[in-house]
Amino acid sequence: MSKNPASVVKLVPKDVVRSEGCVSALENMLALARDGVLVGVAIAAFDAEGCTHTAYEGGGNLAMLIGATERVKNRLLVE
């Protein structure tokens with residue numbers, strides 16, 4: 001087996017790019033939850049590698065949460 005340096009694959013890590021908008025949005029929602037304003041939440045996100053992440057807390061009213069996610073979907077499609 002050849003150890004030719006030209007045939008060796010080198011892994012190069014990606015630079016971390018922090019999204020201040022993402023951090024701000026999450027902090028704003030967290031503050032509302034801590035104040036007792038929010039009782040349900042749905043989160044859809046994606047990372048720098050293109051993987052998606054989701055989480056939710058129904059807050060006892062999944063129909064209301066589904067409606068809220070439809071509102072977000074509409075806002076995303078209109079924007």
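Trainee: Which element gives the most to the lining of the largest pocket?
Mentor: H2 does, with 10 residues. Keep in mind that this is a predicted model, where local features need pLDDT of at least 70, side-chain atom pairs count only at pLDDT 80 or more, and totals for chains, interfaces and linings use all residues. Residues are numbered from 1 along each chain as its sequence is written, and side-chain values use heavy atoms, with hydrogens and water left out.
Trainee: What else supplies at least two residues of that lining?
Mentor: Helix H1 (20-34) and strand E1 (41-46), alongside helix H2 (62-78). Helices (H or I, at least four residues) and strands (E, at least two) are DSSP runs, numbered from the N terminus.
Trainee: Which residues lie nearest the pocket's centre?
Mentor: Met29, Ala42, Ile43, Ala44 and Val72, out of 32 lining residues. A pocket here is an open set of points on a 1 Å grid over the protein atoms alone, where a 1.4 Å probe fits, with protein on both sides within 12 Å along at least five of seven lines; lining residues have an atom within 4 Å of a point.
Trainee: New topic. How many disulfides?
Mentor: 0 in the structure. Cys22 is in none, and the nearest cysteine sulfur, that of Cys51, is 15 Å away. The cut-off for a disulfide is a pair of cysteine sulfur atoms within 2.5 Å.
Trainee: And what is the relative accessible area of Cys22?
Mentor: 42%, which makes Cys22 partly exposed. Cys51 is partly exposed too, at 41%. Buried is under 20%, exposed over 50%, partly exposed in between (1.4 Å probe, protein chains only).
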